[in-house]
Amino acid sequence: DAVESLLPRPPVVTIMGHVDHGKTSLLDALRGTDVVAGEAGGITQHIGAYQVTQKDKSKITFLDTPGHEAFTEMRQRGANVTDIVILVVAADDGLMPQTIEAISHTKAAGVPMIVAINKIDKHDANAQKVRERLLEHDIQVEEMGGETQDVEVSALKKLGLDDLIEKIQLQAELLELRANPDRSAEGTVIEAKLDKGRGPVATVLVSRGTLRVGDIFVCGAESGKVRALIDDKGRQVKEAGPSVPVEVLGLSGVPMAGDPLQVVETEARAREVAAYRASV
Ligand code: GTP
Ligand code: NA
Ligand code: MG
């Protein structure tokens, strides 16, 4: 076999933490958007996937996860498809049950963590106490003699954001993330639903190769042919390369979150694999 040509790819960064500690607000601040305002009760109930272009033109893919206790599985999934976890801890509230849960998902996934101590604008913020409590969970930040990066931020006042981005980029460099864009695409379903107008829709994070309109694929126990690809800004695109999240239309049915997507040669082959998977 010829050696694959591996090219640098953007890091995939999952944001985790306790409910209302400011994950979506932080991502909004990094993206210059306002997702929180559109959420029912200000509660995130799905995994949002976005790619953000930095001042130096480099890209970072972010996955936002819900902090509500009901969504353990989504947090687990988020930790498993990511390169880096950002653990958001509100400096006034401190370590809470889903903070601790997120720490254990991150450890189980073997992924490096950056701690973002948020809401430092609040009068009762206590970043030092957060660092001390993290020690109880074997997370030692640099200031405490350890190696975990931490950064004080305020999503509300937009403080510490450049510092956070720098730390993500530094961590990403250490990981030397690479993928071959010139092969048939593979990816993972982040979430999937049946859309009234568009039929089955899956948000897929491409891990390697390039997914294109017209590609034939297997996706869990479903198959299909890419009818359209829609990026995180709602625009139709013709292709999506490594680390890019896209909505895929053209599925035979709704796959399950976490299912792999693989491009294959023929529709007969796609149906055969999907039917086999549906039978086991
Ligand atoms: P879930 O997705 O439901 O787990 O919540 P979340 O972690 O995404 O938190 P969200 O961004 O919805 O923010 C929760 C509340 O905290 C909102 O009222 C935000 O305005 C507020 N908030 C977020 N960041 C900050 C901050 O830096 N400072 C202050 N003072 N408030 C903040
Ligand atoms: Na919230
Ligand atoms: Mg949220």
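Q: What makes β5 and β6 count as paired strands in this predicted model?
A: Pairing takes at least two bridges found by DSSP. Six bridges join β5 to β6, so the two strands pair, and they run parallel. Within that pairing, Leu87 has Val115 of β6 as its bridge partner.

Q: How do you know that β6 and β7 pair too?
A: Again, at least two bridges are needed. Four bridges link β6 with β7 (residues 149-152), so they pair, in the parallel sense. Ile114, for instance, sits opposite Gln149 of β7.

Q: Why is β6 called mostly covered?
A: A residue is buried if 20 or more other C-beta atoms lie within 10 Å of its own. Six of the six residues of β6 (residues 113-118) are buried, so the strand is called mostly covered. Met113, Val115 and Ile117 point one way, while Ile114, Ala116 and Asn118 point the other way. In a regular strand, side chains alternate between the two faces of the sheet.

Q: What does Val115 touch, leaving out residues up to four places away in sequence?
A: Contact asks for C-beta atoms within 7 Å. Val115 touches Leu87, Val89, Leu134, Ile139, Val141, Thr148 and Asp150.

Q: Which residues touch the most other members of the largest nonpolar core?
A: Among them are Val115, Ala116 and Ile117, along with Leu87, in a core of 72 residues. Strand β5 (residues 84-90) gives this core its largest share, seven residues.

How values were computed
Residues are numbered from 1 along each chain as its sequence is written. Chains are lettered from A and ligands numbered from 1 in the order in which they are written. This is a predicted model: local features need pLDDT of at least 70, side-chain atom pairs count only at pLDDT 80 or more; totals for chains, interfaces and linings use all residues. A nonpolar core is a set of buried Ala, Val, Leu, Ile, Met, Phe, Trp, Tyr and Cys residues joined through C-beta atoms within 7 Å. A residue is buried if 20 or more other C-beta atoms lie within 10 Å of its own, exposed if 12 or fewer, and partly exposed in between; C-beta atoms are placed from the backbone. Two residues are in contact if their C-beta atoms, placed from the backbone, lie within 7 Å.
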